Amino acid sequence: MNSPRTNLAATLRDLDGRSYGNFKQIRGRYQFGPVQLFIDRVQVDPFASPSKVRVRVDRADAGFPADLTTDRQDRVAAADYLLRAGNAVLSKLDQRAIILGHPGQEVLERSNILIDDSGFEARLLVNLPARGRRILGHQAADVLTRDLPGLARRIFLFEEWADADPSAQGLHDHVQLHRDQLELRNHLGEADLVGFVGNGAILPRRSGDSDRPMPAAEAVAFASPPELAHTVTLSSGRRLTGMAIPRGVTVIVGGGYHGKSTILRALERGVYPHIAGDGREWVITDPSATSIRAEDGRAVTGDDISPFINNLPSGTDTRSFTTTNASGSTSQAANLVEAVEAGARSLLIDEDTSATNFMIRDQRMRALIPADREPITPFVDRIRPLLTGRGVSTVLVAGGSSAFFEVADHVIALDAYVPRDVTAQARDLVGVPEVTSAGDSAATQPADPTGPAGPAGPALTPGPRTPTAKALRPASKTKSARAKGIDRIQFGKSFIDLVAVSQLVDAQQTSGVAEALEYLAEIFDGRTSVAEAVDEIEGMLDTQGIDGLTGHRDHPGHLTRPRPQEIAAALNRYRELRLVE
Ligand code: ADP
Ligand code: MG
C-alpha cells in the first residue's frame, strides 16, 4: 500500500472558501497515531449522497480481549456494541455531519463496524461541510482530522474504555447475552420447538411507531401457562423458564385487544437476537419462521398455489400462477408457498392480516357451495398436511373462529395478556378426542366429511422455479437496485413494494436486500432455481460476511444482513421476474 498522505488539516484549511468540487483532491489514506483514515469517495456537491469515509485501528493497537472478538458470532455482538457506543460518542459531540448508522433493538450483522482478523474498522458517511457551494475548510478539518480520529480512538482503543468501565463489563455482558440467545435458539432446534417466550418478557411496544418496550409499569410481564412451561439451563449457568411452543399447530385465541397480535409480533422478531432491556431478550423463534399475510395487488410469478386454489373460473393453471394483481386469497397462498420455498419451517399467521376465505370455510357454506364450484381449499384443511408432509409448523392467531380447534396441537387463550392452555376445552368443544403426537393429531381425519378437497401430498411439494438468465438485469447499466426506506426497493425502472414483508427491521436491511438482488442477477443463469440462489447467497454471507454482498473492496455503505426469506420475498415481488418455461 502507498504511504499515507500527510497534512490533511492544512489541505482542508487551504480549500476554505473554494468551490465544493475541490474536495475531491482529499481522497486517500491518512494516519493519525494508531488511527488510519480512508477517504474513499467524495461527494460532488453538498446535496449529493454523503462522502464515504472509514477509520481503522490495527488489532494490536486496539488491544481488545481476544476471547470477545475472535468467534464470528462474538464479532457480530461486539461490533454491535461498538456501533452503539460510537453513536453515543457522536451525539455527545453533537456532530451531525458524521453518520455511523443507528441500530434498532436487534443485534444483527451490519457493515457499519467491521471486526476482522487484522483490526477494527468503522464505515461512516460524512456530509462534508459547505456554505452554499463553498467549502468550509476549517469545519471540514474539525470533522475529518479531529472528530473522526477521536471517535476511532474512543471506541477502538481498549484502554479508552478503562475510565468508564475498567473490566469492559458492558462489552462482556453484551457478547455473553448474544451467546446465550444463540444457544437457546440452537436448543429450540434440538428440542423440536418453534419458539420460546421467557417468563418476565415485556412484549408490547411503546407505540405503533416505536420498537422500544412499553414502560414496565404499564406492561403485563409474560408468564407461561404451567402446561407449556419449559426450563433451560445454558452453559453460562443462566437458567430460563418460559413458554415453549412445540413444533406442530398452535392456535392463539382470546378476546379482541387481549394481546394476541402482540405475542405473534414478538415471535416474528424473535428470529433475531435483541439487546438487553428490550423486553424480548428471551423471545426466541425458529430462525426460518416467516410471517404470512394477505397482500392483494402484489404480482406473482409462476407460483404453484394449487394446494390452495384450483379450478378458477377463468381456467387459469394454478400450478404455475402468474398475475400482476393478486387477490387477498391468491396473494396469501403465494406468500405461503414462497415462504416454504425459501426454507421456512414455521409460519406465523394473524387473522388481522389474513383473507378469511383463504383461512376457513364454515359448514353451511360448504353445504351451499359444492366443493367443485369453490376454487379455494382453505388453509384449515392444509395446515396438517403442511406439517406432516413438509415439516412446516404454524402459529396462528384466530380469535374469530373455532375452525382451527380441530387441527390444533395446542390452543392458547389470552386473557388480559395472560396466556392459558385451553387445549383440552377446545377439543371438547369440537369433539376431537386426543392428539396422538405433536406431529399427527386425530384431526388429520377431520370431522368434516366435505373437508380437504383431494390428497394434499404431491401438491405441497412444488417443483423448483427457475428465473431466466436475464430476469434480474434491468436495461440500465448503472447500479440498479436501491432501497428507498424500509419497505421499497427501486430496481431499474420498477419498484418492489415490501410493505407486507413485516420481518424487515430497518432501511439498512432493505439496502442489504437490494444488494442481494444485484448479487442474484449474477447467479441466475437459466438453470439455478430461486431456492438454490437464495441458499448460495446465505452460504456466501456465512463465509465472507455482509461485505461480500457488494463489489466494493473498501466502503460497502451501510448494510444489515437480511435473511434468505426476505431476499426471496423481494425477488418474488419483482414485477419483471421471468421464469424459464
Ligand atoms: P389483539 O390482537 O388480541 O386484539 P393486541 O395484541 O393488538 O390485541 O393488543 C392490544 C393492545 O394491548 C395493544 O395496544 C398492546 O400494546 C397492548 N398490550 C398487548 N400486550 C400487552 C401486555 N402484556 N401488557 C400491556 N399491554 C399490552
Ligand atoms: Mg390482533
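Which residues are linked with R123 and D547 in a network of salt bridges? The network joins D40, R54, R56, D116, E121, R123 and D547, where a salt bridge is a side-chain nitrogen of Lys or Arg within 4 Å of a carboxyl oxygen of Asp or Glu. This is a predicted model, in which local features need pLDDT of at least 70 and side-chain atom pairs count only at pLDDT 80 or more, while totals for chains, interfaces and linings use all residues. Residues are numbered from 1 along each chain as its sequence is written, chains are lettered from A and ligands numbered from 1 in the order in which they are written, and side-chain values use heavy atoms, with hydrogens and water left out.

The structure holds 35 salt bridges. One of them pairs R123 with D547, whose closest N and O atoms are 2.6 Å apart. This pair links distant parts of the chain, since R123 is in strand β6 (residues 119-126) and D547 is in the loop between α14 (530-544) and α15 (564-572), 424 residues apart. Helices (H or I, at least four residues) and strands (E, at least two) are DSSP runs, numbered from the N terminus. R123 counts as buried at 2% relative accessibility, whereas D547 is partly exposed, with a relative accessible area of 22%. Buried here means under 20% relative accessible area, exposed over 50%, and partly exposed in between (1.4 Å probe, protein chains only).

A further salt bridge joins R179 to D74, with the closest N and O atoms 2.6 Å apart. Because R179 lies in helix α6 (residues 169-190) and D74 in helix α3, the pair ties together parts that are 105 residues apart in sequence. R179 is partly exposed at a relative accessible area of 28%, while D74 counts as buried at 5%. In the salt bridge between E295 and R573, the closest N and O atoms are 2.7 Å apart. E295 lies in the loop between β16 (290-292) and β17 (300-303) and R573 in the segment after α15, so this pair ties together parts that are 278 residues apart in sequence. Both partners are buried: E295 has a relative accessible area of 11%, and R573 has 8% relative accessibility.

The packing of helices comes next. Two packed helices are described by the angle between their axes and the distance between the axes. Helix α3 (residues 72-93) packs against helix α4 (residues 137-156) at an angle of about 135°, with the axes 10 Å apart. Therefore α3 is oblique to α4; angles under 35 degrees count as roughly parallel, over 145 as roughly antiparallel, 65 to 115 as roughly perpendicular and the rest as oblique. Axes are lines fitted to C-alpha atoms, for helices over the stretch in contact, and angles run from 0 to 180 degrees between N-to-C directions. From α3, the residues L82, A85, G86, V89, L90 and L93 make the contact, and from α4, D147, L151, R154, I155 and F156; contact means heavy atoms within 4.5 Å.

The axes of helix α13 (residues 507-523) and α15 come within 10 Å and cross at roughly 70°. Therefore α13 is roughly perpendicular to α15. In this contact, V513, A516, L517 and L520 of α13 meet E566, I567, A570 and L571 of α15.

Finally, F321 has its place in strand β18 (residues 321-323) and is buried, with a relative accessible area of 6%. Not counting residues up to four places away in sequence, F321 touches V300, T301, G302, D303, I305, L312, T316 and T330.
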